[in-house]
Amino acid sequence: MKKALWIFCLASLALAVPVFANGTPETTGGKGIRIGILQKSRSDQYQIILNTAQETVLRSLKKDGKISDYYQFDADVDVQKQLNQADDLIAMKVNVIVMSTTDAYGCAPIVTKCKEAGIPLVIVNAQTVNADEAAAIVASDDVYAGEIMGNYIINRLGGKGKARGNVLQLEGDIGNTSQMGRDTGLKNTVYKEPGLKVLESLTAKWNRDEAMRITEDWLQKYPNISAIAAENDNMAMGALNAVINAGRKGSIISIGVDAIEDALLSIKNGELDATVFQNGKAQGQTSIEVAYAIATGQPYEKRTMIPFELITKDNVADFLKK
């Protein structure tokens with residue numbers, strides 16, 4: 001009987017105290033503002049930077065009594081999971097939702113559903129195909145990131161109109177706006193350079209291990225590889241590991257995007273050639289600041305674009321300090 005009573009008490013407590021996806025109990029207070037966060041992933045290093053920046057601002061707002069609750073859900077790069085989580089937040093009638101999109105097309109219904117429910121949606125980082133219908137967008141121009149990568153490769157291989165060599169491309173999740181934008185940027189540069197040949201382009205789905213496996217196959221298949229353009233640093237590091245293990249580092253240029261710590265240290269150590277800095281901290285922080293402004297009726301920017309920057313051995317020390 002005592003055991004049954006104890007279980008009943010635990011169940012009652014679970015119902016009484018909101019518990020977030022990170023397992024942290026939160027209490028209700030503040031001004032009644034509740035913010036829902038739809039995260040793309042908690043395993044990708046760039047997304048971790050973005051998520052951490054979001055939570056830092058959320059905790060500060062809650063501590064100061066400016067919001068009552070915040071709810072964080074991890075989609076684990078699963079479109080259906082993110083759709084279900086959005087439905088949950090809409091049913092909870094939160095004041096505003098912030099979403100880091102899993103898929104440009106698959107998650108488009110979330111924008112529509114939020115609009116129909118009268119819940120403002122802030123899209124951060126990767127966008128949906130109908131992102132302009134959201135209340136606000138906080139992102140960076142992924143086409144420009146792809147062009148930075150492409151121009152770096154062109155310059156390293158002889159310069160515009162003179163570059164010669166064979167290039168391989170590692171793509172992110174097909175259908176993700178970051179993947180599509182960076183692919184367009186590479187097509188605007190490397191693909192148009194007459195002396196460069198793109199031997200193959202495959203998706204490693206932003207994954208380090210998958211990028212390493214693909215690159216190992218490429219190294220067996222292609223004796224002459226000049227450069228590997230990876231659409232994020234996880235894939236760039238996986239490709240780099242395969243190149244180093246094969247003893248071919250000196251002849252192959254490697255570049256990624258995001259400027260995660262692994263990549264920066266690798267550039268410092270003379271391994272990875274370059275990365276393109278995407279400011280995850282600024283994206284995460286700004287997304288919550290915009291969400292709070294919307295929830296409280298303050299002025300806000302409909303579209304905030306945070307610039308990308310090229311990082312090489314010449315300026316990597318500056319970014320490591322950050």
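Analyst: Two strands are taken to pair if DSSP finds at least two bridges between them. Strands (E, at least two residues) and helices (H or I, at least four) are DSSP runs numbered from the N terminus. The model is predicted: local features need pLDDT of at least 70 and side-chain atom pairs pLDDT 80 or more, whereas totals for chains, interfaces and linings use all residues. Residues are numbered from 1 along each chain as its sequence is written, and side-chain values use heavy atoms, with hydrogens and water left out.

User: Over how many bridges do strands E6 and E8 pair?

Analyst: E6 covers residues 165-171, and E8 covers residues 227-230. Within this pairing, Leu-170 stands opposite Ala-230 in E8. The two strands run in the parallel sense, and the number of bridges is four.

User: Which residue of E7 stands opposite Val-167?

Analyst: Strand E7 (residues 196-203) pairs with E6 in the parallel sense over seven bridges. In that pairing, the residue of E7 opposite Val-167 is Val-198.

User: Are the residues of E6 buried or exposed?

Analyst: Buried stands for under 20% relative accessible area and exposed for over 50%, with partly exposed in between (1.4 Å probe, protein chains only). From E6, Gly-165, Val-167, Gln-169 and Glu-171 point one way, while Asn-166, Leu-168 and Leu-170 point the other way. Seven of its seven residues are buried.

User: Why are the buried residues of H4 on the same side of the helix?

Analyst: In H4 (residues 108-117), the buried residues are Ala-108, Ile-110, Val-111 and Cys-114. They lie on the same side because the arc that they cover around the axis, taken from the directions from the helix axis to the C-beta atoms, is only 160 degrees.

User: Which elements do the buried residues of H4 pack against?

Analyst: Contact requires heavy atoms within 4.5 Å. Gly-118, with a positive phi near 75 degrees, follows H4. The packing partners of its buried residues are strand E1 (34-39), helix H3 (79-91), strand E3 (96-99) and strand E4 (121-124).

User: In E12, which residue is the bridge partner of Phe-277?

Analyst: Phe-277 belongs to E10 (residues 274-277), where Thr-275 and Phe-277 on one side and Ala-274 and Val-276 on the other are all buried. E10 pairs in the parallel sense with E9 (residues 253-258) over four bridges. E10 also runs antiparallel to E12 (residues 309-311), joined by three bridges. The partner of Phe-277 in E12 is Glu-309.

User: What is the relative accessibility of Asn-125?

Analyst: Asn-125 is placed in the loop between E4 and strand E5 (136-139). Its phi is positive, near 70 degrees. Asn-125 counts as buried because its relative accessibility is 5%.
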